[in-house]
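Here is a short report for a reader meeting this structure for the first time. Take a look at the model before reading on.

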Amino acid sequence: QLEEKLSTAQRLVHGHAEALDRRDEEMARFKGEYENKEAEILQLKEAVKLRNQEVAAAAQDLANMTRENQTVNATCQTLRVERDRIRAQLGETMARAARLDGLLESAKLEKADVLNVYR
């Protein structure tokens with residue numbers, strides 16, 4: 001009867017040992033999966049860091065382009081004002097030139113009349 005109890009105990013111990021071996025294998029597998037997930041998390045964190053740097057660089061580029069656009073718009077407005085001023089001056093100059101052409105024609109006609117009177 002002791003041998004039977006010993007045999008039963010040995011079977012129990014053997015069963016528990018096998019269960020512990022399975023648990024150890026499962027733990028080793030879980031540990032490997034955990035380490036893989038940690039490595040994946042580190043890679044994702046690095047990818048996020050790089051993406052954030054790219055976004056920051058793009059935001060800075062956009063801010064620079066906005067400032068440049070504002071400068072170009074201000075320059076364009078200044079040039080439009082200058083163009084309009086020059087057009088107005090040109091219009092005045094053309095009107096003066098037309099008046100002077102008219103006066104010149106009148107003077108030529110008057111000169112011709114005076115020459116005709118003296119002949």
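## Overall form

This is a predicted model. The protein has one helix and zero strands. Helix H1 covers residues 2-118.

What does the C-alpha trace span along its principal axes? The spans are about 170 × 15 × 10 Å. The radius of gyration is 50 Å, whereas a compact globule of 119 residues would have one near 14 Å.

## Surface

How many of the 119 residues count as buried? The share is 0%. Buried would need under 20% relative accessible area.

The protein exposes about 11200 Å². Carbon and sulfur atoms supply 59% of that area.

## Charges

The protein carries 20 positive and 22 negative side chains. The centres of these two sets lie 11 Å apart.

Which residues form a negative surface patch? They are Glu18, Asp21, Asp24 and Glu25. Of these, Asp24 is found in helix H1.

## Salt bridges

Side chains of opposite charge can pair when their charged atoms come close. The structure holds six salt bridges. Three of them are described here, each by its residues and distance.

Arg29 and Glu33 form one, at 3.6 Å from N to O. Both residues lie in helix H1, four residues apart, which is about one turn of the helix. Arg29 counts as partly exposed because its relative accessibility is 44%. Glu33 is partly exposed too, at 38%.

Lys37 and Glu40 meet in a salt bridge at 3.8 Å, N to O. They lie three residues apart in helix H1, about one turn of the helix. Glu40 has a relative accessible area of 38%, so this residue is partly exposed.

Glu82 forms a salt bridge with Arg85. Their closest N and O atoms are 2.3 Å apart. Why are Glu82 and Arg85 separated by about one helical turn? Because they are three residues apart in helix H1. Glu82 is partly exposed, with a relative accessible area of 33%. Arg85 is partly exposed as well, at 38%.

## In brief

The model shows one helix and zero strands, with six salt bridges and 0% of its residues buried.

Technical notes: Residues are numbered from 1 along each chain as its sequence is written. This is a predicted model: local features need pLDDT of at least 70, side-chain atom pairs count only at pLDDT 80 or more; totals for chains, interfaces and linings use all residues. Side-chain values use heavy atoms; hydrogens and water are left out. A salt bridge is a side-chain nitrogen of Lys or Arg within 4 Å of a carboxyl oxygen of Asp or Glu. Helices (H or I, at least four residues) and strands (E, at least two) are DSSP runs, numbered from the N terminus. Buried means under 20% relative accessible area, exposed over 50%, partly exposed in between (1.4 Å probe, protein chains only). Patches are made of residues with over 30% relative accessible area and no salt bridge: like charges are joined within 9 Å, nonpolar side chains (Val, Leu, Ile, Met, Phe, Trp, Tyr) within 5 Å. Accessible areas come from the Shrake-Rupley method with a 1.4 Å probe; for residues, only the protein chains shown count as cover. Lys and Arg count as positive and Asp and Glu as negative; His and the chain ends are not counted. The place of a charge is taken as NZ of Lys, CZ of Arg, CG of Asp or CD of Glu. The radius of gyration is taken over C-alpha atoms; the globule rule is 2.2 Å times the number of residues to the power 0.38.
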